[in-house]
Amino acid sequence: MNDSKLGDHLNPQDLLELRGGLLSWYDRNRRDLPWRNTQDPYAIWISEIMLQQTRVVAVLGRYEAFLRNFPSVVSLAHASEADVLALWSGLGYYRRARMLHKAAQVVASDHLGIMPSTAAALRTLPGIGAYTSAAIASIAHGERVAVVDGNVQRVVQRLAGGGISDRLGQAKLARDTESLANLLLDPARPGDFNQSMMDLGATVCLPRSPKCLQCPLEPLCKTRGEHPTPRRAIMSSQDAAYALVIRSRGKIREVLLDQRSAELTIMPSMWELPALSDTQVADAQLLMALRHAIMQVNYYVRIRTVFEDDAPTLTLPSERRYWFSLHDLATLPLTGLARKVLLRAKLPELTPNPPTVNSAAREQFIY
């Protein structure tokens, strides 16, 4: 990238045409998403946290279930962490849910249950950074502040002919990108403009093979195609194996689960299937095999069915191991892998979408 300023090819008339063209495109093509039909800052906040590093299709069912259970910031503040994590199960990056819960408690205790209305004030809450605060403030309150997520960053840098292939200078490029994003922002419709930029990056200005001929910004774009980006970190691989242990107690079927230590960095206190002592599962014993990515690691997972009496000898020991009714699994904070395996096992007691959480029922089935 040369030393010229990002966006220096855009004059005032270009900015007017860019804003008008992009907003017209958005009005015609905006995605019909449930969080687009509200200006409630709490509901917008929930959607933005859920959407971080998660596909929209995975968020749709979770978002509505979460709001059914916690319809206000105060109800979220008064919920138990276990119930919050149960509704988050399957979305991954569980620290987001914990920080969301902490922030709701701060709003309830320090702000009389009313969320701050400015981006600057929102950034004082746990887990809310520049991107999330800008999204809430611009969409819910019309504040003139640009949202810069990965999609918007890509659109802005391609528009300006920016981007670098190594990691040197990334901080300066990020600052320049944010400055240009705020320059481009339509002052009359900041919330819609931010969402139009996010939609454009998600559906047209794609990371690979962008659809330039469909882009409303194509006439003003200096890149018209892919732009230089740093290489992604190389994923490592690791084998893992777990036991699916199910027993019947009368008409109730139960599954054996282990609770991860609260001291772990990744997914503390979440419930998972018991780990097998031997990660090499013979094909004759294999129930299913799947790949599961956590951060920069691809786990190649093998699952086998284990009888109750064999579980102590075939699985690794656990400090907290309990039997849970299959009917109540949706109310538990399961790891994403455990939830994926249990759903793929097609157990008739399970449903893909979480019901209303029931703390009393969850505690009743701990043995």
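I count two strands as paired if DSSP finds at least two bridges between them. Helices (H or I, at least four residues) and strands (E, at least two) are DSSP runs, numbered from the N terminus.

Ground rules before I go on. This is a predicted model, so local features need pLDDT of at least 70 and side-chain atom pairs count only at pLDDT 80 or more, while totals for chains, interfaces and linings use all residues. Residues are numbered from 1 along each chain as its sequence is written, and side-chain values use heavy atoms, with hydrogens and water left out.

**Entry 1: the sheet**

I looked up the strand order and got an open sheet of 3 strands, S1-S6-S5, with mixed pairing. Strand S1 (236–244) and S5 are the edge strands with a single partner strand each, so one side of each has no neighbour in the sheet. On average, neighbouring strands here are turned by 20° against each other, direction ignored. For such angles, axes are lines fitted to C-alpha atoms (for helices, over the stretch in contact), and values run from 0 to 180 degrees between N-to-C directions.

Which way do S1 and S6 pair? They are parallel, over 9 bridges, and serine 237 has asparagine 298 in S6 as its bridge partner. Strand S5 (residues 286–294) and strand S6 (residues 297–305) run antiparallel instead, joined by 8 bridges. Across that pair, arginine 291 sits opposite tyrosine 300 in S6. The hairpin of S5 and S6 has 2 residues between the strands, and methionine 295 takes a positive phi near 55° there.

I also checked what covers the sheet: helix H13 (residues 336–344) lies across S1, S5 and S6, at about 145° to S5.

Buried, for me, is under 20% relative accessible area, exposed is over 50%, and partly exposed is in between (1.4 Å probe, protein chains only). The buried residues of H6 include Arg96, Arg98, His101 and Val107. With contact meaning heavy atoms within 4.5 Å, the buried residues of H6 pack against helix H2 (41–51), helix H3 (56–69), helix H4 (73–77) and helix H5 (81–88). Just past H6, leucine 112 has a positive phi of about 55°.

H5 has 6 of its 8 residues buried, so the rest of the structure largely encloses it. Among those buried are Asp83 and Trp88.

**Entry 2: H1 on H11**

Helix H1 (residues 12–29) packs on helix H11 (residues 190–203) at about 70°, axes 9 Å apart. That makes the two roughly perpendicular, a label that takes in 65 to 115 degrees. H1 residues in the contact include Leu18, Arg19 and Trp25, and those of H11 include Asp192, Phe193 and Met197. The contact residues split into 8 nonpolar, 3 polar and 3 charged.

**Entry 3: two single residues**

Serine 133, in helix H8 (residues 130–141), is buried at 0% relative accessible area. Leaving aside neighbours within four places in sequence, serine 133 touches Ala119, Leu122, Arg123 and Ile128.

Alanine 174, in helix H10 (residues 170–184), is partly exposed at 34% relative accessibility. Its C-alpha is 9.4 Å from that of valine 148, 26 residues away in sequence.

Key:
Parallel < 35°, antiparallel > 145°, perpendicular 65-115°, else oblique. Nonpolar A, V, L, I, M, F, W, Y, C, P; charged D, E, K, R; others polar.
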